[in-house]
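The stops below are given in the order in which to select them.

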Amino acid sequence: MSVKGANGGLGPVMLDVVGKTLTDEDIRRIQHPLTGGVILFARNYENRRQLTALTEAIHAARPGVLISVDHEGGRVQRFRTDGFTRLPAMRKLGELWDTNVLEAMRAATDVGFVLATELRACGIDLSFTPVLDLDYGESGVIGDRSFHRDPRVVTALAKSLNHGLALAGMANCGKHFPGHGFVKADSHVDIPVDERSLQEILTDDAAPYDWIGMSLTAVMPAHVIFPKVDKHPAGFSRKWLTMLREQFGFQGVIFSDDLSMEGASVAGSVVDGATAALTAGCDMVLICNSPDKADQLLNGLKPESGAGSSASSARIASLVPQGRAMDWETLQQDPRYRAARQTAQSLVGD
């Protein structure tokens, strides 16, 4: 099996770039046959003109590569200045649901549309959203990133948000399967363990992944261990990812969460972690904030890991938008965008 995707397509590694312009080392990594995606962070942003130039340079270095960002709203929004709309935390939509269900669904669609049109106008293909974790009131890392405690509300609002993304030509990524909201520990700096039974998790936390169905285009598993189900964190667990494919019927892309996070350390080195994730059923693995580890991964990942299968490469490529995006100036005059932006701004307040 080749480490490249089918016909030299997109590879199974998503990595980041160091700064606001590409270095020779960035370009080398982007052009590596194992690379299929680039994820951006706040450090990569100065203003819209610079961001657009950066995404154009990335696409020039590797045509068709998937450019992504964590841009959910609230405290997880990478680009906040120079015209980008300040987006509400998803909890705001859940609070609105509690007073007006239909208004909350409309607002979620508006927020998704604004989020996606602004990113696409700057050359970004995908935001890792929506968060499908339930708000148990205990998790600091999830917290107001969650829509609601009730999985039915989470499902309805996420579907509405996804509709807004789709209207702008953007796919979606539900996270963190099967659920990160119950545990207090933050997988960025710890190894969370959820001691609940499989039935408890499926009944509540994982239910949105089933109910959203085919409108879910990508999923990111949690760096959480569920010892009553499997000894491995969900993103390295063949049992969990097979369940996602077979029991939930999910046909889209499965991303690993960042392999540089503490929650991934149980899998060993970055190469060990990537191999475990791909073997378990992930299509693409993320390595962020560590250029040295990215090089280790690109140099050390072997074909027998399952990297770069034709099916995975095709699934990844399907996330790249096909329709032409509006440029920023045109977007500002678009009536749908202007109305949706007003809704999003009203949810943020002062």
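How much space lies in the largest pocket? The answer is about 520 Å³. This is a predicted model, in which local features need pLDDT of at least 70 and side-chain atom pairs count only at pLDDT 80 or more, while totals for chains, interfaces and linings use all residues. Residues are numbered from 1 along each chain as its sequence is written, and side-chain values use heavy atoms, with hydrogens and water left out.

A pocket here is an open set of points on a 1 Å grid over the protein atoms alone, where a 1.4 Å probe fits, with protein on both sides within 12 Å along at least five of seven lines; lining residues have an atom within 4 Å of a point. Grid points are joined across faces, edges and corners, and the volume is the space filled by probe spheres set on the points.

**Stop 1: the pocket lining**

Select Thr-52, Arg-120, Ala-121, Cys-122 and Gly-123, which lie nearest the centre of the largest pocket among its 21 lining residues. By class, the lining has eight nonpolar, five polar and eight charged residues. Ala, Val, Leu, Ile, Met, Phe, Trp, Tyr, Cys and Pro count as nonpolar, Asp, Glu, Lys and Arg as charged, and the others, Gly among them, as polar.

Next, colour helix H2 (48–61), helix H4 (101–121) and helix H12 (328–332), each of which supplies at least two residues of this lining. Helices (H or I, at least four residues) and strands (E, at least two) are DSSP runs, numbered from the N terminus.

**Stop 2: helix H2**

Which helix gives the most to the lining? H2 does, with six residues. Its 14 residues reach 20 Å from first C-alpha to last, close to the 20 Å expected at 1.5 Å a residue; the expected span is 1.5 Å times one less than the number of residues.

Show Arg-48, Gln-50, Leu-51, Leu-54, Thr-55, Ile-58 and Ala-61, which are buried (under 20% relative accessible area, with exposed over 50% and partly exposed in between, for a 1.4 Å probe and protein chains only). Seen down the axis of H2, the buried residues fall within an arc of 165°, so they line one face of the helix; the arc is that of the directions from the helix axis to the C-beta atoms. On the other side of H2, select Arg-49, Glu-56 and Ala-60, which are exposed.

Cover for the buried residues of H2 includes helix H1 (24–30), strand S2 (35–40), strand S3 (66–69) and H12. Contact means heavy atoms within 4.5 Å.

**Stop 3: helix H5**

Move to H5, whose 17 residues reach 24 Å from first C-alpha to last, close to the expected 24 Å. Twelve of the 17 residues are buried, so H5 is largely enclosed by the rest of the structure. Among what covers them are helix H3 (90–97), H4 and helix H7 (207–212).

Within H5 (residues 151–167), pick Asn-162, buried at 5% relative accessibility. Leaving out residues up to four places away in sequence, Asn-162 touches Pro-130, Asn-172, Ile-212, Ser-215 and Leu-216. Gly-169 follows H5 and has a positive phi, near 85°.

**Stop 4**

Is Lys-231 buried or exposed? Lys-231 is exposed, with a relative accessible area of 65%, and is found in the loop between strand S8 (218–221) and helix H8 (238–246).

Finally, select Ala-280 in helix H9 (residues 270–280). Ala-280 counts as buried at 7% relative accessibility. Its contacts, not counting residues up to four places away in sequence, are Gly-235, Phe-236, Ser-237, Arg-238 and Leu-241.
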